[in-house]
Amino acid sequence: LVWKKNHELLLRAFAELEEEPVLALVGDGPLKGDLEELALELGIDHRVIFCGHQENAKTLIRAFDSFVFPSGEEESFGVVLLEAMAASVPILSSDAAGPKSVISDSAITFRCDNKHDLVDKLKRMQSLTEQEIEDFASRGSHRLDEKFSIGVVSQKVRSLPEVAKLAPYRVEHDL
């Protein structure tokens, strides 16, 4: 729970939802106390769960109805987005360059740092049909396989000039 993840924006937007969904924040960090205090101040502490650090957090994602990634421009990649795509849950992410490079069209995006747009997109996430959920899951799975599989990534790494200069190393098969 650090500044660049933009959890404060998420809590402020979440507080404006009319229904009573539950928000689970997984992780720990220096802002945990501040975020707990903000949830209390916003009157949503009864529906925000601070899960703390989880050794195998990616397994929790499958239990969620959706995954929200509010990080701003400071976020360079977001491995957890790959985990959410692998879990086949619909994703709502900021349109910051780093996250956008991961998700492409496999998620709903909101304008980075824009609370009102995030509120609107959170409402949209709540109203997704089963078919829309399946469509997002399919696009996420396809993007994951096409751009981020072990085979694809290892090939990209081996094609880097700095790596190609090293002694030949071949992977006989993907893990």
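Ala, Val, Leu, Ile, Met, Phe, Trp, Tyr, Cys and Pro count here as nonpolar, Asp, Glu, Lys and Arg count as charged, and the others, Gly among them, count as polar. With these classes, the residues that line the largest pocket of this predicted model divide into 27 nonpolar, 10 polar and 7 charged.

**The largest pocket**

The largest pocket has a volume of about 1,200 Å³, and of the 44 residues that line this pocket, Ala24, Phe64, Ser66, Phe67 and Val68 are the closest to its centre. Several elements supply at least two residues each to the lining, including α1 (7–14), β1 (23–26), α4 (79–86) and α7 (130–148), and the largest share, 4 residues, comes from β1.

**The nonpolar cores**

In soluble globular proteins, nonpolar side chains tend to be buried together.

| Core | Residues in the core | Members, among them |
|---|---|---|
| Largest nonpolar core | 25 residues | Leu11, Val48, Leu92 and Leu118, which have the most contacts inside this core |
| Second, separate core | 15 residues | Phe67, Val89, Ile91 and Ile103 |

Leu92, one of the residues with the most contacts inside the largest core, touches Phe67, Val68, Phe69, Ile108, Thr109, Phe110, Leu118, Lys121, Leu122 and Met125 when residues up to four places away in sequence are not counted.

**Phe14 in helix α1**

Phe14 is found in helix α1, and its relative accessible area is 4%, so Phe14 is buried, given that buried means under 20%. Leaving aside residues up to four places away in sequence, Phe14 touches Pro21, Val22, Leu23, Ile44, Arg47, Val48 and Leu122. Phe14 and Ala39 are 25 residues apart in sequence, and their C-alpha to C-alpha separation in space is 9.6 Å.

**Helix α4**

In α4, which also supplies at least two residues of the lining of the largest pocket, Leu81, Leu82, Ala84 and Met85 are buried. Seen down the axis of α4, these buried residues fall within an arc of 160°, so they line one face of the helix. The buried residues of α4 pack against α3, β3, β4 (91–94), α5 (97–103) and α7, and just after this helix Ser88 takes a positive phi of about 60°.

Notes:
Residues are numbered from 1 along each chain as its sequence is written. This is a predicted model: local features need pLDDT of at least 70, side-chain atom pairs count only at pLDDT 80 or more; totals for chains, interfaces and linings use all residues. Side-chain values use heavy atoms; hydrogens and water are left out. On a 1 Å grid over the protein atoms alone, a cavity is a set of points where a 1.4 Å probe fits but cannot get out, and a pocket is an open set with protein on both sides within 12 Å along at least five of seven lines; lining residues have an atom within 4 Å of a point. Grid points are joined across faces, edges and corners, and a volume is the space filled by probe spheres set on the points. Buried means under 20% relative accessible area, exposed over 50%, partly exposed in between (1.4 Å probe, protein chains only). The arc is that of the directions from the helix axis to the C-beta atoms. Contact means heavy atoms within 4.5 Å. A nonpolar core is a set of buried Ala, Val, Leu, Ile, Met, Phe, Trp, Tyr and Cys residues joined through side-chain atoms within 4.5 Å.
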